[in-house]
Amino acid sequence: MKLAEALQERADLNRRIQQLQQRLNNNAIVQEGEQPAEDPTALLNELDRCAAQLEQLIAQINLTNCRTIVDGETLTALLARRDALTLKLNSYRGLTQAASQLVRRGTRSEIKLLSTVNVKELQIQVDAMAKNLRLLDNSIQAANWATELA
């Protein structure tokens, strides 16, 4: 199985577990004399099986990420870089958007608001970060489809 397929399976298991949690909640309480629509014990057993599968799959994915080298770095390091770059990019985008808000004054006596940063330079940095993030993500995705799961 390719790493990318394992990642898809992990996402499917996470969704399945969420659905099971909802179904358990929906069947946790019934009116006296009534039966639940689904057996909570069976749902719990299925949840346990899915959680065990997920645990094993996550361990395999993490082991594979640690062993896979892309451009001289582990896939784990590239994933960490991607996550950090995404956080940084989102902050820069937020600052750029906030600094770009121009308030129109009706009269000269109204308070004038000024940007504290150079929006044009900041936008250039945002564009460069976005490009780097796309390229990094492309490398990660290519590695995911080329790498066999450990």
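The buried residues of helix H2 pack against helix H1 (3-26), strand E2 (73-74) and helix H3 (75-99). Buried here means under 20% relative accessible area, exposed means over 50%, and partly exposed is in between, with a 1.4 Å probe and protein chains only. Contact means heavy atoms within 4.5 Å. Helices (H or I, at least four residues) and strands (E, at least two) are DSSP runs, numbered from the N terminus.

Some housekeeping before I go on. This is a predicted model, in which local features need pLDDT of at least 70, side-chain atom pairs count only at pLDDT 80 or more, and totals for chains, interfaces and linings use all residues. Residues are numbered from 1 along each chain as its sequence is written, and side-chain values use heavy atoms, with hydrogens and water left out.

Now the chain as a whole. Its secondary structure comes to four helices and two strands, and from the N terminus on the order is α-α-β-β-α-α. The radius of gyration is 24 Å, whereas a compact globule of 150 residues would have one near 15 Å. That radius is taken over C-alpha atoms, and the globule rule is 2.2 Å times the number of residues to the power 0.38. Along the principal axes, the C-alpha atoms fill a box of roughly 75 × 55 × 15 Å. Of the 150 residues, 24% are buried. Among contacts with a separation of 6 or more, 71% are between residues 24 or more positions apart. The chain exposes about 10700 Å², and carbon and sulfur atoms supply 51% of that area. Accessible areas come from the Shrake-Rupley method with a 1.4 Å probe; for residues, only the protein chains shown count as cover.

Back to H2. It has 28 residues, and the distance from its first C-alpha to its last is 40 Å, close to the 40 Å expected at 1.5 Å a residue. The expected span of a helix is 1.5 Å times one less than its number of residues. Which residues of H2 are buried? They are Leu 43, Glu 46, Leu 47, Cys 50, Leu 54, Leu 57, Ile 61, Thr 64 and Asn 65.

Glu 46 has 18% relative accessibility and counts as buried. Its side chain meets that of Arg 16 in a salt bridge, at 1.9 Å from N to O. This pair links distant parts of the chain, with Glu 46 in helix H2 and Arg 16 in helix H1, 30 residues apart. A salt bridge is a side-chain nitrogen of Lys or Arg within 4 Å of a carboxyl oxygen of Asp or Glu. Arg 16 is partly exposed, at 28%. Leaving aside neighbours within four places in sequence, Glu 46 is in contact with Arg 16 and Leu 20.

Glu 38 is partly exposed at 27%, and Arg 23 is partly exposed at 23%. Arg 81 and Glu 73 also form a salt bridge, at 2.7 Å from N to O. Arg 81 is partly exposed at 38%, as is Glu 73 at 27%.

Next, the end of H2. Thr 68 lies in the loop between helix H2 (40-67) and strand E1 (69-70). Is Thr 68 buried or exposed? Thr 68 is buried, with a relative accessible area of 11%. Its side chain reaches the backbone oxygen of Thr 64 at 2.6 Å. Not counting residues up to four places away in sequence, Thr 68 touches Glu 73, Thr 74, Leu 75 and Thr 147.

Last, H3. Its 25 residues should span 36 Å at 1.5 Å a residue, and its end C-alpha atoms are 36 Å apart, which agrees. The buried residues of H3 are Leu 75, Leu 78, Leu 85, Leu 89, Thr 96 and Ala 99. They pack against H1, H2, E1, E2 and helix H4 (119-146).

Technical notes: Polar contact = N/O pair within 3.5 Å; in protein donor to acceptor, adjacent residues only side chain to side chain.
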